[in-house]
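Dear colleague,

Please find below the structure that I am handing over to you. My account of the findings comes after it.

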Amino acid sequence: MNSTGLSRENDAETPSSGGHRTVAASLSVSGLSVHYRDFTAVGGIDLEIPEGEITALVGPSGCGKSSFLHSLNRLTDLIPGCRVAGSIRLSDGTEVTHPKTDVLSLRRRVGIVFQRPNPFPQSIRRNFEIPLKEHGWRKRDIPDRMETVLREVGLWNEISDRLHKSAIALSGGQQQRLCIARALALEPEVILFDEPCSALDPIASGVVEDLIHSLRGRLTVVIVTHNLAQARRIADRAAVFWVRDGIGTIVEHGPAERVFTAPSNPDAASYLSGARG
Amino acid sequence: MTPPTPRARPVAPVWLDRALAFAGATAALLSFGLFAWLVWDLARLGLPRISWTFLTGEIEDAGRSGGIGPLLVSTLLILVCCLALVIPLGTGCALWLSEFVRRGSLAARLVTGGVDLLASVPSIVFGLFGMVFFGQTLKMGFSILSGGLTLACMILPILVRTTLSALEALPADLRPASAGLGLTRTTSIVKLLLPAALPGIVVGITLGIGRALSETAALIFTSGYSIRWPSSFWDSGRALSVHIYDLTLNVPQSGAMASSTALVLLALILVVNSAAVALSEHWLRRRHQTS
């Protein structure tokens, strides 16, 4: 196996239970910084993201949580002038920030769900066919894979009779669950959530939150959220971002229980108690 | 209860709204009237002569009688040549501008500037260019090929501009969505961006077809005057618009024939445009639902 990522053949040989694999990967971040031309958005990040746990990134707006999250699967590459320095290592040794890393296979292994649901403006079925075909699934396996993940996100019974209809016609909450299913379909080892509930109504938000919680143990989850109550409910670990000297950084991290109840950093403490931020 | 605050000025008068609505309706009516009058006038003069023999027959007596069969074929062949070049060229150029080069970079500014300048070049200049470049330099002579390629250059800016704005109008989160799933740029462009932009691209193509079919000046020196049945793209062939021009200018007592030809040209534009729209809708629906 090379250091740039698992190949599909290896994945196919992995014995699967109940239709999907249960491999999760840990992430080890050290000395990470994200720069936009001359501006440093995030700096000095050291963080261990253990496999199979839910890590919540919290903190006020503009402190670099999203920049950090997007650097974990190199989506920062899309932004002209953006540069990431430091190390992000997957548990199999893959160095995310290395220029030779196969970005496409990295993004299959480290999936992402965005703030605004973004299904492709095509049929529900095509939303799965396009990425699955791209990553080497055989055409005849695609319907089963799609059904499995749509059941996992609780959408199958709602939409199984209109898979040929446009995904854009679904409600916001359904669209977001579709996007989660689409990311899960590729059998990722890590899944990143960038404020996945903030564009949804409270009920849909609750459904999505439960869904993310249910991924615990099977996948490594990293979630950026502004909803502290949500972070408290679902996170195993938490990291508090804060702007120090104009640069976003992590001022407190550890088990969620301790971070939320007994933060040692004064900025983190005042933010988490609602006094600042 | 507080008394209502006294107004410094009375509310804007309602009659102004009404006057504006009336003025708008008048302008709309006049615009439609112009179109209706044009079609009615053409139909009044030209419709009586239109028949199967007119559509398929050869020109007789310099165009005073007979039909327009060879011209119809030449016109369609010119259009085929034109579209075969302009669709890949125009979409390719727009794709490069929107997906591969940073907006505002020197290269992008140069290309868009060049394309926009091309749009303001008078068609007679394209005709002269086509005659020299395609006709003489590339040795295509007076031919349907020369004419079609010249038209392609002429309508290229329309296609680039409409395709570019269609691509730029796509939801901004489509690109991160596809990148986040690890799709290659090619897959993203071919399977997501182009299908989503297709309605806009088709608008560009139909506008271009309209321009191309009605063009006269660019064709006179390139595809020429021949009224024989064309046997290949290398033959000279007279387009319908050139025929109308010729009848009106050079052939006395042929006004009714010119009207009939114009009527056929109008119908042709309508048919080709609806075909393009129907085709794209069919294609979109198929992509949406199956495979």
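This is a predicted model: local features need pLDDT of at least 70, side-chain atom pairs count only at pLDDT 80 or more; totals for chains, interfaces and linings use all residues.

Residues are numbered from 1 along each chain as its sequence is written, chains are lettered from A and ligands numbered from 1 in the order in which they are written, and side-chain values use heavy atoms, with hydrogens and water left out.

Interface of chains A and B

Chain A contributes 30 residues to the contact and chain B 22, contact meaning heavy atoms within 4.5 Å. About 2200 Å² is buried between the two chains, and carbon and sulfur atoms give 59% of that area; buried area is the accessible area (1.4 Å probe) that two parts lose on being put together, summed over both. The rule finds one salt bridge across this interface, the criterion being a side-chain nitrogen of Lys or Arg within 4 Å of a carboxyl oxygen of Asp or Glu. R116(A) and D173(B) form a salt bridge, with their closest N and O atoms 3.5 Å apart.

A helix pair between the chains

Helices are DSSP runs (H or I, at least four residues) numbered from the N terminus. Their axes are lines fitted to C-alpha atoms over the stretch in contact, with angles from 0 to 180 degrees between N-to-C directions. The axes of α4(A) and α8(B) come within 12 Å and cross at roughly 160°. That angle makes the two helices roughly antiparallel (over 145 degrees; under 35 counts as roughly parallel). In α4(A), R126(A), I130(A), K133(A) and E134(A) meet T187(B), K191(B) and L192(B) of α8(B). The residues of this contact divide into two nonpolar, one polar and four charged; Ala, Val, Leu, Ile, Met, Phe, Trp, Tyr, Cys and Pro count as nonpolar, Asp, Glu, Lys and Arg as charged, and the others, Gly among them, as polar.

Helix pairs within each chain

In chain B, the axes of α6 (residues 144-168) and α8 (residues 185-213) come within 8 Å and cross at roughly 150°, so α6(B) and α8(B) are roughly antiparallel to each other. The residues of their contact comprise 13 nonpolar, five polar and one charged.

In chain A, α4 (residues 124-134) packs against α7 (residues 172-185) at an angle of about 25°, their axes being 9 Å apart. These two helices are therefore roughly parallel. I124(A), N127(A), F128(A), P131(A) and L132(A) of α4(A) meet L178(A), A181(A), R182(A) and A185(A) of α7(A), a set that divides into seven nonpolar, one polar and one charged.

With kind regards

Technical notes
Angles under 35 degrees count as roughly parallel, over 145 as roughly antiparallel, 65 to 115 as roughly perpendicular and the rest as oblique.
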